[in-house]
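Please read the report below alongside the sequence and the 3D structure. It goes through the model topic by topic.

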Amino acid sequence: MDTLDPRRRQILDLVEQYARDKFGAPPFAADRDLVHYAGRVFDGQELRCATEAVLDFFLTANRFAERFEADFADFFGAPGAYLVNSGSSANLVALTALTSPKLGERRLRPGDEVLTVAAGFPTTLAPIVQNRLVPVFVDVGIGDYTALPERIAQAVGPKTRAIMMAHTMGNPFDLDAVSAVVKKHDLWLIEDNCDALGSTYRGRLTGTFGHLATFSFYPAHHITMGEGGCVIAAGQSAEELGRIVRSLRDWGRDCYCAGGENNTCGKRFSQQFGTLPSGFDHKYVYSHIGYNLKLTDLQAAIGCAQWQKLPGFIARRKENFAYLRKALAPYEDRLVLPVATPGSDPAWFGFVITVREGAGFSRTELQRHLEERRIETRALFAGNLLRHPAFLDIPHRVCGGLANTDRITESTFFVGVYPGLDAPRLEHMAEAFRGFLKKR
């Protein structure tokens, strides 16, 4: 029996109608419209869910957050999923979780080394530095833009305790090689899966290989909540790590009661912590130096609507990638086109291109040509992070040099493959590339 308040139903129906009228896209016009590298793809369902959350007016995480976390955990076969307010927060919480005193001798301590890459996004690296750990950088391949497998094994030293890297642009790093190093040296592994929701490696979802994995729901990513991110844990330590992640997200408190709940453990006033008085209120006991990194239920409601569309979004990203790959194949003598890591099936984030040495033109010249035709381009994130002011003086180690990373800084960029790109936009992109390359 439908018991929905008729006024609420009317509001929700009007919101959907408004969305159709307001956001219905007119046909693409090359002389007027931008071809974005990424963006929100939504319809009335997202606005309907968001309005439901507003009418609930619980504001902080509630029923939509609980539903999203349950669906997300099921998708990955994880015991739990923990929503946070961004992918960067997810990385901060995941890495910091490995420093928890609750892990005993397994915890990371200041001075321990973490293997990573310099050709990435800064908030994969920042938590390593902020936790007073030492990043060890390895170079990446040109074409797949993931860590060189042989360098990972070579980079392990006596202080190495963890690996934290991204599946760059949705392309999984060599998980055979990385998993072998993790097992041989008993390391922690964090998969930064922010670019790669839905990617698989040997038929298995990325994000399920490491002890922890992180996700982003910023509008450029595979699904969006506006802002938002998530952490999952896997393996034998999953439940323990999940409790630590939740503590760090929820101010660092030891209590695991959800908002509005009290004494779910039945021991709220009967425990002893630190040097606090016996029976001190468990809701206000802090076992970690944490933060409030939760998102709102309005964001989660949008995520619930987006979640239903994920399979279609992933398929569209793969189709758009294949279109550009075929369209630009004749120009591989001057452009390095992206390739999937062997054994992987990426849910591509973008279409990465490196201008070959001796091509007769520069990356900047090609980018200018595309941007003048209203086609958005982006650098491969930061290029070499070690060349940025924020990271010039950080303690670190480099294994084997970063020649390819520096080349990416000089010669690499990407264009979009997101689901908002339709056939006219893709053809406009292809024609713009052809117009430039036929004259060179």
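Is Pro172 buried or exposed? Pro172 is buried, with a relative accessible area of 0%. Here buried means under 20% relative accessible area, exposed means over 50%, and partly exposed lies in between, with a 1.4 Å probe and protein chains only.

## Basis of the model

This is a predicted model, in which local features need pLDDT of at least 70 and side-chain atom pairs count only at pLDDT 80 or more, while totals for chains, interfaces and linings use all residues. Residues are numbered from 1 along each chain as its sequence is written, and side-chain values use heavy atoms, with hydrogens and water left out.

Pro172 sits in the loop between β4 and α7 (175–185). Helices (H or I, at least four residues) and strands (E, at least two) are DSSP runs, numbered from the N terminus.

Apart from neighbours within four places in sequence, Pro172 has contacts (heavy atoms within 4.5 Å) that include His167, Tyr201, Thr341 and Pro346. Asn193 is 21 residues from Pro172 in sequence, and the two C-alpha atoms are 8.8 Å apart.

## Nonpolar cores

A nonpolar core is a set of buried Ala, Val, Leu, Ile, Met, Phe, Trp, Tyr and Cys residues joined through side-chain atoms within 4.5 Å. The largest one has 35 residues, and Leu98 and Leu212 have the most contacts inside it. At least two residues of this core come from each of β1 (81–84), α4 (87–97), α5 (122–130), β4 (160–166), β5 (188–192), β9 (229–233) and α8. A second, separate core has 32 residues, among them Ala38, Leu380, Ile408 and Phe414.

With neighbours within four places in sequence set aside, Leu98 touches Leu103, Arg107, Leu108, Trp188, Ile190, Leu212 and Leu241. Ala233 belongs to strand β9 and is buried at 3% relative accessibility. Under the same exclusion of sequence neighbours within four places, the contacts of Ala233 include Leu212 and Leu241, as well as Ala78, Pro79 and Gly80. Val245 is twelve residues from Ala233 along the chain, with 8.9 Å between their C-alpha atoms.

## Salt bridges

Side chains of opposite charge can pair when their charged atoms come close. A salt bridge is counted when a side-chain nitrogen of Lys or Arg is within 4 Å of a carboxyl oxygen of Asp or Glu. By this rule there are 27 salt bridges.

Which parts of the chain does the pair of Glu113 and Arg397 link? The side chains of Glu113 and Arg397 meet in a salt bridge of 2.7 Å, N to O. Glu113 is in strand β2 (residues 113–117) and Arg397 is in strand β14 (residues 397–399), so the pair links distant parts of the chain, 284 residues apart. Glu113 is buried at 9% relative accessibility, whereas Arg397 is partly exposed at 27%.

Glu372 and Arg373 form another salt bridge, at 3.7 Å from N to O. Glu372 is exposed, with a relative accessible area of 61%, and Arg373 is partly exposed at 31%. In the salt bridge between Arg7 and Asp5, the closest N and O atoms are 2.8 Å apart. Arg7 is exposed at 60% relative accessible area, and Asp5 is partly exposed at 30%.

## Cysteines

A disulfide is a covalent bond between the sulfur atoms of two cysteines. The rule used here asks for a pair of cysteine sulfur atoms within 2.5 Å, and the count comes to zero disulfides.

Cys265 is partly exposed, with a relative accessible area of 25%. Cys399 is buried at 11%.

## Loops with a positive phi

Tyr145 is a residue other than glycine with a positive phi, near 60 degrees. Tyr145 is in the loop between β3 (134–138) and α6 (149–155) and is buried at 3% relative accessibility.

Asn263 is not a glycine either, and its phi is positive at about 55 degrees. Asn263 lies in the loop between α8 and α9 and is partly exposed, with a relative accessible area of 35%.
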